[in-house]
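Please look at the model shown below, and keep it in view while reading the report that follows.

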Amino acid sequence: MPQDPREPQLPQARGPVSAAVQEYLLGAGPLPPDETVARADVYGDDLQLALYICYELHYRGFAGVSSDLEWDPGLLRTRAALEHRFLSALRTDTPGHDSVEDALAGLLVEPVDGTGVSHFLSKEGELWHVREYAAQRSLYHLKEADPHAWVLPRLWGRAKAGMAAVEFDEFGGGRADRVHALLFANLMTDLGLDTTYGHYLDAACAEMLATVNLMSLLGLHRSLRGALVGHFAAVEITSSPGSRRLAEAMRHTGAGAAAEHFYDEHVEADAVHEQVVRHEVIGGLLAEEPHLAADVAFGIDVTGHVEDRLADRLLRDWAQGRSSLRTPLPSEIHHIS
Amino acid sequence: MPNSPSDSGQPCRIRVQHRGPLLVEGPVEVELEDGSTVASDRFRVALCTCRRSRRYPWCDTSHRERTRS
């Protein structure tokens, strides 16, 4: 795999809000006016990209953008306005459970007639579907487990120990060649995709941006630590069976050994992680801070909400035989390895 | 059998639950019925008890109740 440049390129603007944020980062214009932020579609491309750009300054930043802008007061004020709109919409639109137990119970059963993206890909996915899926998901998997590391200083005792242990596993257990983000880059190489960090940001749909924005939102705010823990539990609990189906999709499309390995590893790893997250992280957090139960339940439920929106988008586009990406992938696969 | 090369006589803790895998502190070696051995060096290992796992002896969450939506 070629060495990733540390800083990705700024993406193309998708409307007035993201255009203004981008110009501000380059020192070429003012931040977007409040009315413009207020008018933007909360789940739409423009607002989601503007928020994504604000958050990316906390990960790797962008080429040509000063690192100091991460803590620029004006930009943080704009980010807060975007976050307020996003979080308000999520709280209104997420079908919620009354308790953590009820929210978890819905995830701990396996529907025999599931209709999600992994079900589709395992049953009838073609190579082009699998490649698009990987390009979309690369926005998260190339920073896999990074947003969740922000919660560590906000946890104590069992919750901290459990969360740190799972994160250690996500980051390869001390072995650079087992870091999950690298295993995903290897999957992308199998699929003939560009492994450069941020390469598919321009191509990714708004629904994909929203899933990563949710993680960054919950990870960066201490006040949302309960929701971050709930979100992480939801990801880990649903990952193992989903990964088994995606490993099957990789096998029947002939994606390659590294592509199969990424999902095979997640079947096994996440069967462990879900146990640790439920018993140690959620259990430990709620023993210390029982008042966070409603936030944990919200974190579980809101993850389902944004993932369902992404699944609907992908399956709707694919049912019409069209690309889910803003810029379709080149059809030819060049195997690099 | 020592649980880990760095262990200083600490017993290996195993967590049992009514429904679900045994949770064992890793790393582990598991000897299967045919005499073969498989190993995992994960910090914790989930061992299948329902015998439905397709990655036996490791849990793959196949113990979960299957429902019609």
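## Two cis peptide bonds in chain B

Pro27(B) is found in the loop that lies between strand E2 (22-25) and strand E3 (28-31) of chain B, and this structure is a predicted model. The peptide bond that leads from Gly26(B) into Pro27(B) is cis, with an omega near -5 degrees. As a point of background, most peptide bonds are trans.

A further cis bond is the one from Tyr56(B) to Pro57(B), where omega is near 10 degrees. Pro57(B) is also a loop residue, for it is found between strand E5 (44-47) and strand E6 (65-67) of chain B.

Most residues other than glycine have a negative phi. Arg51(B) is found in the loop between E5 and E6 of chain B. Is Arg51(B) buried or exposed? Arg51(B) counts as exposed, because it has 9 C-beta neighbours inside 10 Å, and a residue is called exposed if it has 12 or fewer.

Thr61(B), which lies in the loop between E5 and E6 of chain B, likewise has a positive phi of about 70 degrees although it is not a glycine. Thr61(B) counts as buried, because 28 C-beta neighbours lie inside 10 Å of it, and a residue is called buried if there are 20 or more.

## Where chain A touches chain B

The contact between the chains takes 19 residues from chain A and 18 residues from chain B. On the side of chain A that touches chain B, at least two residues each are supplied by strand E1 (109-111), helix H9 (157-170), helix H12 (225-252) and helix H13 (257-288). Which of these elements gives the most to that side of chain A? It is H13(A), with six residues. When the residues on this side of chain A are sorted by class, there are 11 nonpolar, three polar and five charged residues.

## A strand pairing across the two chains

The chains are also linked through their strands, for three bridges join E1(A) to E6(B), and these two strands run parallel. Within this pairing, Glu110(A) stands opposite Arg66(B), a residue of E6(B).

Methods. Residues numbered from 1 in each chain as written. Chains lettered and ligands numbered in written order. Predicted model: local features only at pLDDT ≥ 70, side-chain atom pairs only at ≥ 80, totals over all residues. Helix = DSSP H or I, 4+ residues; strand = E, 2+ residues; numbered from the N terminus. Contact = placed C-beta atoms within 7 Å. Nonpolar A, V, L, I, M, F, W, Y, C, P; charged D, E, K, R; others polar. Pairing = 2+ DSSP bridges.
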